[in-house]
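Work through the exercises below with the structure open beside you. Try each task before you read its solution.

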Amino acid sequence: MSANVELVVLEDADAVAAEVADRLAHAARRGGHIALTGGSTPELAYEKAAKLESDWSNVELWWSDERCLPPDDDLSNYALAKRTLLDNLDSGPRQVHRIKGELGKERAAADYERELGDTVFELELLGIGPDGHVASLFPNAPTLQERKRVLPAEPGLEPFVDRVTLSIPALNSARAIVFALAGAEKADAARRAFGEEPSPATPSSLVRATNGTTTAILDRAAAAKLSA
């Protein structure tokens, strides 16, 4: 098992979301830069985090990736966070750095790269797809070799819309990386990400904090194929 990842195995998806929410709330109190992601487990975590801590005024929010869609589209990662987290806070973040996917992947990536600069995230929340992808970095994609911090990306699965994503070096620069996984459909990806040697066939296996901590929070179903 990967020695550089702390594994936290909890009973079910609700427990995973609660643990992630607690970490988000603590990060909001500390302040700094936080990177969010999309997905069903983060969605529940955002709802819980807003209840745990309603003052995010010391935080600047970022995203690890985004689909090239309008910001109010139901498939937008920003829209998900706005609906579940931002709209439920008493004091919102001091700045929200949205990836402007509606500009198209090339322009949106260049715009976000300029805005991001050398920002370091205090906390970076990530999910993993059933195929092992992370952010919008898909198995064996050319983007895995790129050194720029922000990249235009091709879709690797539905919905087949263009993407903008942080690169492996950008993801790995975070001080604390937290993966959140729940459900039996994630068990094989979890095994490959955290129980096998790093490989471009499993992009999530390449994401580890270079100068910080990496934690995977899983429910029992997602952790089922990991060795004890």
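**Exercise 1: The second largest pocket**

The second largest pocket has a volume of about 180 Å³. A pocket here is found on a 1 Å grid over the protein atoms alone, as an open set of points where a 1.4 Å probe fits, with protein on both sides within 12 Å along at least five of seven lines; lining residues have an atom within 4 Å of a point. Grid points are joined across faces, edges and corners, and the volume is the space filled by probe spheres set on the points.

This is a predicted model, where local features need pLDDT of at least 70, side-chain atom pairs count only at pLDDT 80 or more, and totals for chains, interfaces and linings use all residues. Residues are numbered from 1 along each chain as its sequence is written, and side-chain values use heavy atoms, with hydrogens and water left out.

Task: describe the lining of the second largest pocket.

Solution. 
- Step 1. Count the lining: 13 residues, with P142, T143, P152, A153 and E154 nearest the centre.
- Step 2. Find the elements: α4 and β7 (150–153) give two or more residues each. Helices (H or I, at least four residues) and strands (E, at least two) are DSSP runs, numbered from the N terminus.
- Step 3. Find the largest share: β7 supplies three residues.
- Step 4. Sort by class: six nonpolar, two polar and five charged. Nonpolar covers Ala, Val, Leu, Ile, Met, Phe, Trp, Tyr, Cys and Pro; charged covers Asp, Glu, Lys and Arg; the others, Gly among them, are polar.

**Exercise 2: The largest pocket**

Task: which element gives the most to the lining of the largest pocket?

Solution. 
- Step 1. Start with the volume, about 600 Å³.
- Step 2. Look at the lining: 28 residues, of which G38, G39, S40, R67 and H133 lie nearest the centre.
- Step 3. List the elements that supply at least two residues each: α2 (40–52), β4 (65–67) and α3 (77–84).
- Step 4. Pick the top contributor: α2, with four residues.
- Step 5. Check the classes: ten nonpolar, ten polar and eight charged.

**Exercise 3: K105**

Task: is K105 buried or exposed?

Solution. 
- Step 1. Locate K105: helix α4 (residues 105–116).
- Step 2. Learn the cut-offs: buried is under 20% relative accessible area, exposed over 50%, partly exposed in between (1.4 Å probe, protein chains only).
- Step 3. Apply them: K105 has 15%, so K105 is buried.
- Step 4. List what K105 touches (heavy atoms within 4.5 Å). Leaving out residues up to four places away in sequence, the contacts are C68, P152, A153, E154, D162, R163 and V164.

Key
Contact = heavy atoms within 4.5 Å.
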